[in-house]
Amino acid sequence: MRSTRTVALELYADVVCPWCWIGDRRLAAALDIVRADMPDVTFDVTWRPFQLDPTIPPEGRDWEEVIEQKFGGRARAEPMFERVAQAGAADGLDFAFDRITRHPNTVHAHALVVHAQQKGLDVWPLVESLFAAQFTAGDDVSSPEVLVRIGAAHGLAEGEVRDLIAKRTYDVDVQQSQREAARLGIQGVPFLVLDGRYAVSGAQPTSVFVDALKRAATD
């Protein structure tokens, strides 16, 4: 019988972070490579909520206002958006910053992922849909209607999604994850923790993730 090793991966990220989407896609590609090279190793990936700005009001903020206050206006923001879009395109991602109208509070989006995760569902297609809704479709991922639609596409009933939003069932989980990130010294995302021993910060090239995964699997 072949021995099997399990490596625990914790990915701290936010669905309004464009580099998190890029990092998530690169990590997925790295996992495909390493799983093919090391079939005896299992990687157990857990989504860890991280809100870039927990102070955003529940209804979100106007995107143009955010561009003005955070980036100093659209003239300064556009080159940054273009660099992100070009980086994402290389990984098959479609960023359409011109479609965004709201900058959402992501607590409910995180709650949706945590709920699916606790049900034992594969949350990565759900996470991918949240990123695509935010950055490709320009949807407001704090909207219950948007989250109900996305949840339904991934096996979650409308009633349970509306219930977890209305009751704020997973607010504590999101807050605990944020505190744990602070304890670990995480100040930016994406941030990958491997087996509680190693870390990869930022949307690193796929090869960097491959090296880190193999190191965690063999040490």
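User: Trp21 and Phe95: buried or exposed?

Analyst: Trp21 is buried, and Phe95 is buried too. Keep in mind that this is a predicted model.

User: How are the rings of Trp21 and Phe95 arranged?

Analyst: They form an edge-to-face aromatic pair. The centres are 5.1 Å apart, and the planes make 65°. In general, two numbers describe a pair of aromatic rings: the distance of the centres and the angle of the planes.

User: Which parts of the chain does that pair tie together?

Analyst: Trp21 lies in helix H1, residues 18-37. Phe95 lies in the loop between helix H3 (74-89) and strand S4 (102-103). The two parts are 74 residues apart in sequence, so the pair ties together stretches from separate places in the chain.

User: Why is the pair of Phe97 and Phe135 called edge-to-face?

Analyst: Its planes stand at 65°, and over 60 counts as edge-to-face. The ring centres are 6.0 Å apart.

User: And where do Phe97 and Phe135 sit?

Analyst: Phe97 is in the loop between H3 and S4, while Phe135 is in helix H5, residues 124-137. They are 38 residues apart, and the pair links distant parts of the chain. Phe97 and Phe135 are both buried.

User: How many aromatic pairs does the structure hold?

Analyst: Eleven. Ring pairs also link residues into a cluster, including Trp21, Phe95, Phe97 and Phe135. Trp47, Trp63 and Trp124 are among its other members.

User: New topic. In what order do the strands of the open sheet come?

Analyst: The order is S2-S1-S5-S6. That makes four strands with mixed pairing.

User: Which strands stand at the edges?

Analyst: Strand S2 (41-49) and strand S6 (198-201). Each has a single partner strand, so one side of each lacks a neighbour in the sheet. From one strand to the next, the twist averages 20°.

User: What does "mixed" look like, pair by pair?

Analyst: Strand S1 (residues 5-13) and S2 run parallel, joined by nine bridges. Tyr12 stands opposite Arg48 in S2. S1 and S5 pair in the antiparallel sense over four bridges. S5 and S6 run antiparallel as well, with four bridges.

User: What are the bridge partners of Leu194 and Leu9?

Analyst: Leu9 has Leu194 in S5 as its bridge partner. In S6, the partner of Leu194 is Tyr198.

User: Which way do the side chains of S5 point?

Analyst: Phe191 and Val193 point one way, and Leu192 and Leu194 point the other. All are buried. In a regular strand, side chains alternate between the two faces of the sheet.

User: What happens in the hairpin of S5 and S6?

Analyst: Three residues lie between the strands. Asp195 takes a positive phi near 55° there.

User: Now helix H6. Which residues are buried?

Analyst: In H6, residues 144-153, the buried ones are Val146, Leu147, Val148, Ile150 and Gly151. They pack against helix H4 (107-118), H5 and helix H7 (158-166). Just after H6, Gly155 has a positive phi of about 90°.

User: Last one: how much space lies in the largest pocket?

Analyst: About 470 Å³. Its lining has 25 residues. Val16, Leu52, Lys70, Phe71 and His103 lie nearest the centre.

User: Which helix supplies the largest share of that lining?

Analyst: H2, with five residues. H1, helix H2 (63-71), H3 and H5 each supply at least two.

Note on methods: Residues are numbered from 1 along each chain as its sequence is written. This is a predicted model: local features need pLDDT of at least 70, side-chain atom pairs count only at pLDDT 80 or more; totals for chains, interfaces and linings use all residues. Side-chain values use heavy atoms; hydrogens and water are left out. Rings of Phe, Tyr and Trp (its six-membered ring) pair if their centres lie within 6.5 Å; planes under 30 degrees apart count as stacked, over 60 as edge-to-face and the rest as tilted. Buried means under 20% relative accessible area, exposed over 50%, partly exposed in between (1.4 Å probe, protein chains only). Contact means heavy atoms within 4.5 Å. Two strands pair if DSSP finds at least two bridges between them. Axes are lines fitted to C-alpha atoms, for helices over the stretch in contact, and angles run from 0 to 180 degrees between N-to-C directions. On a 1 Å grid over the protein atoms alone, a cavity is a set of points where a 1.4 Å probe fits but cannot get out, and a pocket is an open set with protein on both sides within 12 Å along at least five of seven lines; lining residues have an atom within 4 Å of a point. Grid points are joined across faces, edges and corners, and a volume is the space filled by probe spheres set on the points.
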